[in-house]
Amino acid sequence: MPARPARLGAARERTVPLLAALPVGLLLVTAGTLPAAHSWGAALGMFVVTFVTSYLGVGGPATGGLATSFQLYYLLPCFPPYAPESLGQRLGGLAVGMLTAALVDRLLWQGPLPPPYRVLLADAVDATAEYCTALARRIAEPSGDTAAPPHDRVSQTLFTTRLSSPPD
């Protein structure tokens, strides 16, 4: 099965974390650009930012996904060449990029929302319960037929609940 992009939630739910991360990104780009002239200051800053962002994954997938971006917002401006005069361009590029991504997500990638995970899970539980009930009846009333009831629906619904295959 080909990999599918994860588009979970409504456009508003996907846009809010992106826009909320903009001020943090601007702050980290600024903080990464300024101490880059001094190796020890940049290295200490990298240690602190890496340490803090490593614990953002505790907050769940939304903050865990942003952790790598936050780390890169600081680390990339620390690398040579040291160019504090380009800070305005860096901040402008980051703002334009994030706002454009939010607009594209809001305006162009519209489509039907996937069913919530709890609905997929409820369908899988119902299908499994029906299968178990049919199997228990077949065992309790031996009619000579030893074949198990078909489990195609159970397999299909359980496959949709796998976290490794996000909905469209």
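How are α1 and α4 oriented to each other, roughly parallel or roughly antiparallel?

## The model

This is a predicted model, in which local features need pLDDT of at least 70 and side-chain atom pairs count only at pLDDT 80 or more, while totals for chains, interfaces and linings use all residues. Residues are numbered from 1 along each chain as its sequence is written, and side-chain values use heavy atoms, with hydrogens and water left out.

## Helices α1 and α4

The axes (lines fitted to C-alpha atoms over the stretch in contact, with angles from 0 to 180 degrees between N-to-C directions) of helix α1 (residues 11-33) and helix α4 (residues 87-107) come within 10 Å and cross at roughly 175 degrees. Helices here are DSSP runs of H or I with at least four residues, numbered from the N terminus. The two are therefore roughly antiparallel to each other, a term for angles over 145 degrees, whereas roughly parallel is kept for those under 35.

## A salt bridge

A salt bridge, meaning a side-chain nitrogen of Lys or Arg within 4 Å of a carboxyl oxygen of Asp or Glu, joins R153 and E130 at 2.9 Å, N to O. Because R153 lies in helix α6 (residues 152-160) and E130 in helix α5 (residues 117-140), the pair ties together parts that are 23 residues apart in sequence.

Note on methods. Parallel < 35°, antiparallel > 145°, perpendicular 65-115°, else oblique.
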